[in-house]
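Me: Hi! I have a structure open and would like to go through it with you. Can you help me read it?

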There are 2 protein chains.
Amino acid sequence: MSSKSTTKRADALRSIEAIVQAAAECLGRNPDASLSEIARAAGVGRVTLYAHFASRAEVVDAAMSRALDRGNEVLNAVDLTGDPLLALERYIDAGWHLVDQAQALLAAAQRELPAGRIRELHAGPAARVEALVARGRAEGAFRTDLPIAWLINVLQAVMHSATEEIRAGRLNPERAASHITATVLAAFTPPGIPVPEPRGGA
Amino acid sequence: MSSKSTTKRADALRSIEAIVQAAAECLGRNPDASLSEIARAAGVGRVTLYAHFASRAEVVDAAMSRALDRGNEVLNAVDLTGDPLLALERYIDAGWHLVDQAQALLAAAQRELPAGRIRELHAGPAARVEALVARGRAEGAFRTDLPIAWLINVLQAVMHSATEEIRAGRLNPERAASHITATVLAAFTPPGIPVPEPRGGA
């Protein structure tokens with residue numbers, strides 16, 4: 001391989017990296033950010049952008065993948081051992097901030113990407129929380145009369161609805177994590193068991 | 001006023017009625033149904049449709065308003081008196097079927113209309129369920145440590161997430177109402193009070 005083609009390839013990788021980073025930033029501020037805007041923020045021309053990405057959907061996909069990789073790193077640092085209720089509370093505390101930060105990017109993704117692809121990109125965090133919920137069920141902390149997939153759906157639906165409530169001005173962002181935690185812990189409590197008292201004061 | 005203009009006005013009302021009905025049906029099957037398709041189903045030309053509706057958004061708005069008027073009639077027939085838990089269960093049973101039936105129409109509305117307008121259209125059902133939740137809180141059946149607006153949000157988020165789970169093939173439609181009820185009753189239970197046993201078998 002000539003050093004010329006190596007240089008060209010290094011240039012391409014640098015452009016791609018700059019475009020993905022710019023896309024994550026621009027779409028994170030505004031889900032309607034245009035490809036021209038993203039190219040400008042990346043310091044490349046539209047032609048270069050189109051040389052690497054066939055469509056707006058591909059750019060959004062790459063930005064979303066990047067945000068989820070970062071999110072996975074954060075979530076991997078969360079201790080999910082010990083009391084399942086406390087572990088779920090820690091997961092929501094960390095996961096909620098990621099959902100909140102990524103809300104504009106997710107809005108862009110929901111417009112551009114099929115729901116199946118968005119779910120696929122979330123597979124990493126989903127697997128970790130699923131393992132936690134399964135353990136909580138095995139230990140009797142979480143209800144087993146509803147399917148685990150439904151419980152995960154409830155967790156995600158409540159987290160995402162909180163971002164919409166904030167955007168609509170109906171929820172103080174500082175209260176979001178405690179509201180989500182109080183709601184999800186109650187929803188996961190087995191029938192006949194008392195709903196846990198909120199720890200931080202919901 | 002001449003009888004000619006009266007006839008013209010009657011014709012216009014008939015066309016509008018036919019367009020709104022066709023829009024509710026077409027968009028209820030397929031949120032991407034085109035205005036040409038809707039005009040054809042209504043038995044009018046595109047020119048007539050555009051004479052009465054300035055945009056696709058106006059057609060979707062009219063179809064959504066119509067569906068919600070029908071839904072309101074159904075919900076008005078639901079008995080929301082007596083034990084708040086049983087009343088909420090009856091509300092979910094009826095409301096859930098409406099959400100399920102209107103899911104494609106709602107998807108069209110979410111693409112075309114601002115979130116504020118969709119919320120405004122839901123004001124009727126929202127007011128009834130809010131009164132029920134407020135009564136349940138006053139009677140000690142539902143938690144008061146979370147704001148009422150948050151509890152209503154949770155109810156709506158869980159109902160809407162169920163339609164998505166069904167669409168994705170992860171939830172049996174026959175189980176939806178019992179899953180939603182079991183989840184929402186638990187989420188609404190005051191801290192320290194046992195989660196109610198599912199009645200119909202969740």
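**A chat about the model**

Reply: Happy to! Let's start with A:S3, which lies in helix α1 of chain A (helices are DSSP runs of H or I with at least four residues, strands are runs of E with at least two, and both are numbered from the N terminus). This is a predicted model, where local features need pLDDT of at least 70, side-chain atom pairs count only at pLDDT 80 or more, and totals for chains, interfaces and linings use all residues. Residues are numbered from 1 along each chain as its sequence is written, chains are lettered from A and ligands numbered from 1 in the order in which they are written, and side-chain values use heavy atoms, with hydrogens and water left out.

Me: Is A:S3 buried or exposed?

Reply: A:S3 counts as exposed, because its relative accessibility is 58% (buried is under 20% relative accessible area, exposed is over 50% and partly exposed is in between, with a 1.4 Å probe and protein chains only).

Me: And how many Å separate the C-alpha atoms of A:S3 and A:Y91?

Reply: They are 47 Å apart, and the two residues are 88 residues apart along the chain.

Me: What domains does chain A have?

Reply: Chain A is split into domain 1 (1-53) and domain 2 (57-202), with bounds from an automatic or database domain assignment. Over C-alpha atoms, the centres of these two domains of chain A are separated by 31 Å. Their contact (heavy atoms within 4.5 Å) takes 16 residues from domain 1 of chain A and 11 residues from domain 2 of chain A.

Me: How much area do domain 1 and domain 2 of chain A bury between them?

Reply: About 1,000 Å², with 72% of it on carbon and sulfur atoms. Buried area here is the accessible area (1.4 Å probe) that two parts lose on being put together, summed over both. On the domain 1 side of chain A, A:L27, A:P31 and A:F53 supply 45% of the area buried against domain 2 of chain A, more than any other three residues.

Me: How many salt bridges are there between those two domains of chain A?

Reply: The count is two, where a salt bridge is a side-chain nitrogen of Lys or Arg within 4 Å of a carboxyl oxygen of Asp or Glu. The side chains of A:E17 and A:R66 form a salt bridge, at 3.1 Å from N to O.

Me: Changing topic: how many residues does each chain bring to the contact of chain A and chain B?

Reply: Chain A gives 33 residues and chain B gives 33 residues. About 2,500 Å² is buried between chain A and chain B, and carbon and sulfur atoms give 63% of that. There are two salt bridges between chain A and chain B. A:R119 pairs with B:E165 in a salt bridge, with the closest N and O atoms 3.5 Å apart.

Me: Which helix of chain A gives the largest share of the side that touches chain B?

Reply: That is α9(A), with nine residues.

Me: What about B:S161, buried or exposed?

Reply: B:S161 counts as buried, because its relative accessibility is 4%. B:S161 lies in helix α9 (residues 148-167) of chain B.

Me: Which residues does B:S161 touch?

Reply: Leaving out residues up to four places away in sequence, B:S161 touches A:W150, A:N153 and A:A157. Within chain B, a polar atom of the B:S161 side chain lies 2.9 Å from the backbone oxygen of B:V158.

Key. A polar contact is a pair of N or O atoms within 3.5 Å; within protein, one must be able to donate a hydrogen and the other to accept it, and residues adjacent in sequence count only if both atoms are side-chain atoms.
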